[in-house]
Amino acid sequence: MQAACSQRWLAGVLGLLWVMRSWAAENPMPRPPELERDVQFWIRVYSEIDTNSGFLHDEHNLGVVYGTLRFTASTTPHERQRLVEQARDRYAAALHRIAAAKDGPLSDEDQHIRDMWGADATSARLLEAADEIRFQLGQSDRFRAGLVRSGAWETHIAETLANLGLPAELAVLPHVESSFNPAAYSKVGAAGLWQFMRSTGRRYMRIDSAVDDRLDPFRATEAAAQLLAYNYRLLGTWPLALTAYNHGAEGVRRAKEQLGTDDIVRIVRDYKSRTFGFASRNFYVSFLAALEIDRNPEKYFGAVERIPEAKFQEVNVPAFVPIASLERALKISPQKLRDLNPSLLKAVWDGQRHVPKAYRLRLPADSTPWTTEMLAQRLAPSEQYAGQPVPRRYRVRPGDTIATLADEYGVTPESLARLNRLRTSAKLKPGRVITLPAATSGTLVAAVTPTQAPSTVASFNAGAVASSKGPKPATQTSQPITASTAVPTPVAPGTPSRSAEAESEATSGVAAGAVAPAVAEQESAEEAAAVAKAPAENAQPVTAAQAEELSPALGPAAETQQNADPVDYSVAKDGTIRVAAAETLGHYADWLGVKASRLRQINRMSFGRPVLIGHPIKLDFARVSREEFERKRHEYHQALQASYFASHRIVGTEVYIVRRGDNLWTVTQRFSQLPIWLLQQYNPDIDLADLHPGTQVVMPRVEDVAATGA
């Protein structure tokens with residue numbers, strides 16, 4: 001009898017384990033009971049109050065909501081802020097009274113506040129809470145608008161996720177990121193439905209002077225699916241992968257390693273970091289709230305009619321073509337073409353840039369079916385170019401103004417000022433070189449026809465500068481614009497990227513080929529400037545306009561820049577770092593302001609011994625602070641990656657099984673000389689300096705953007 005009971009007990013346990021395992025497999029987005037109060041808070045924010053209302057609540061315990069403020073639509077931002085501050089002061093005073101009263105009698109309002117805190121209502125905790133009262137603007141009107149808009153893209157999003165084997169639940173992420181607004185921009189420079197930063201977006205999409213695929217809901221969806229899959233491979237759970245979408249892969253990996261867990265509850269509750277603030281802690285729970293509402297919209301909003309699925313056809317553009325020529329050939333109004341192709345930038349519509357060759361131009365579904373060949377035949381040979389117009393340059397002389405130059409060169413003062421990021425009233429300093437709008441007619445030296453190779457088109461020196469008051473610059477030939485890939489040559493494990501002799505006394509360490517071109521430096525600087533303007537942690541807008549200015553995200557604005565690089569570039573407490581790919585001892589010497597020989601000395605490294613990827617190196621901070629070193633190290637890698645992704649794009653992954661005789665050099669050679677730093681990013685937990693047969697290495701599949709013309 002006892003044996004039978006034991007068998008039934010064992011069978012029951014095994015059955016329960018099987019059910020739990022099945023549940024885990026079928027529920028990739030767990031909703032832990034410990035986080036339920038947080039989820040419910042965001043459900044209330046998204047569905048209960050609109051942008052004319054807001055909650056005053058505790059920053060850490062979202063179950064404590066002190067009260068709701070409701071404004072009229074005519075209440076000014078200044079008045080709203082005053083009312084918020086008054087209410088915050090009132091609740092802070094109440095918390096001080098409750099903390100001082102201990103077990104004494106309280107007013108009904110104070111007792112209600114104490115009851116909300118329950119067992120946590122100690123004097124110390126309540127005094128802390130008095131300084132942690134936060135205002136959260138309501139979002140129900142924005143969320144409902146996002147539900148309506150989502151109908152246009154929900155089918156494509158579902159298909160994209162399914163094709164990559166990703167959870168269908170990820171489809172609601174744009175609710176949190178942008179309210180399904182494909183034109184959304186954040187103060188830190190994120191853009192589009194999925195809120196990609198420029199640097200991260202260029203890993204998967206075309207982003208240049210003519211096209212920004214972040215603004216195309218379809219291309220951006222495909223890129224977001226790749227990034228989410230990448231995060232999941234790195235971190236192993238969807239709660240962490242989603243948190244990394246907001247906080248960055250490096251930061252979430254650091255949290256996981258410091259706490260020794262991948263439990264989202266532990267990380268949300270216990271991880272402490274300067275950049276892991278309110279937004280990062282709440283990203284996953286706000287996603288769960290959005291998922292709940294998206295699945296049950298009628299429960300929260302009543303009847304919601306989503307707009308119909310977007311229908312269209314696509315045709316590859318046969319060459320670099322002015323938008324006006326396409327409008328004529330296709331007989332489509334400029335506005336309709338613009339609505340269908342949101343990724344084409346203003347420079348294209350102004351005629352300063354051409355629609356790029358191989359661009360997938362979107363056309364109305366009910367129009368004539370088009371092919372690339374048909375379009376090429378409809379366009380005149382003189383309308384098809386081998387590359388983009390080359391900007392004209394002009395050196396300012398005394399007496400020049402925006403208005404006089406615009407008149408001389410046949411452009412509007414507004415377009416000339418906009419091209420140079422100036423006001424029309426700006427004074428021009430003599431000697432300054434400004435950009436003139438590129439000529440858009442009569443500029444073709446040799447037209448590109450379907451049977452003519454682009455290489456037959458003459459090129460033009462883009463660096464030419466027109467002299468003032470002399471003849472106007474000759475018309476420029478359109479030509480392809482290329483960027484240096486600046487990819488360090490892959491090296492075998494144990495081989496430095498420079499000779500040991502050159503490195504030993506280096507005070508300036510830049511690996512051959514690792515210097516990023518100006519375009520990469522400019523883009524890195526632009527993103528850094530955007531991040532510098534980012535809202536302070538815990539930003540608390542009081543109006544819809546302020547919320548939109550900070551971020552299109554429905555929750556609080558993010559504290560960190562979106563970043564797909566998982567490598568930890570920080571300095572450990574003991575003054576050491578882990579060597580990353582594309583780094584040498586010379587780099588460290590340069591960033592520290594010391595000689596490489598000093599670093600060899602403190603690391604007991606013999607002359608000629610290389611630094612190995614993933615191995616520790618002790619540093620000398622006598623001349624440079626740790627923070628300054630980390631900044632320089634980050635900037636180096638950001639520029640290196642910006643340079644590479646100016647001309648390359650990740651299109652997928654495959655798994656390579658290490659064979660006998662393989663090393664890092666042979667593996668990278670099998671995949672078109674893939675840069676080692678990118679291989680490290682996809683395999684941060686593999687010792688690339690010591691590959692063993694049978695090891696599975698994830699290889700990103702990369703295409704050359706210049707080669708594809710896209």
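I began with helix H12 (residues 249-259), where I found Ala249, Glu250, Gly251, Val252, Arg253, Arg254 and Ala255 to be the buried residues; buried stands for under 20% relative accessible area, exposed for over 50% and partly exposed for what lies in between, with a 1.4 Å probe and protein chains only. Helices here are DSSP runs of H or I with at least four residues, and strands are runs of E with at least two, numbered from the N terminus. I noted that the buried residues of H12 pack against H10, helix H11 (238-247), helix H13 (264-270) and helix H27 (626-644), contact being heavy atoms within 4.5 Å. After H12 comes Gly260, with a positive phi near 65°.

For the record, this is a predicted model, in which local features need pLDDT of at least 70 and side-chain atom pairs count only at pLDDT 80 or more, while totals for chains, interfaces and linings use all residues. Residues are numbered from 1 along each chain as its sequence is written, and side-chain values use heavy atoms, with hydrogens and water left out.

I turned next to H10 (residues 217-235), whose 19 residues reach 26 Å from the first C-alpha to the last, close to the 27 Å expected at 1.5 Å a residue, that expected span being 1.5 Å times one less than the number of residues. Of the 19 residues of H10, 16 are buried, so the helix is largely enclosed by the rest of the structure. At its start I found a side-chain oxygen of Asp216 within 2.8 Å of the backbone nitrogen of Phe218, and just after H10, Gly236 takes a positive phi of about 90°.

I then looked up His175, which sits in helix H8 (residues 173-178) and is buried, with a relative accessible area of 0%. Leaving aside residues up to four places away in sequence, His175 touches Phe143, Gly146, Leu147, Phe180, Ala290, Asp294 and Leu554. The side chains of His175 and Asp294 are joined by a polar contact of 2.9 Å, that is, a pair of N or O atoms within 3.5 Å, where within protein one must be able to donate a hydrogen and the other to accept it, and residues adjacent in sequence count only if both atoms are side-chain atoms.

Last, I checked helix H2 (residues 36-47) against helix H14 (residues 278-295), which pack at about 65° with their axes 8 Å apart; the axes are lines fitted to C-alpha atoms, for helices over the stretch in contact, and angles run from 0 to 180 degrees between N-to-C directions. Among the residues making this contact are Trp42 and Tyr46 of H2 and Ala289 and Ala290 of H14.
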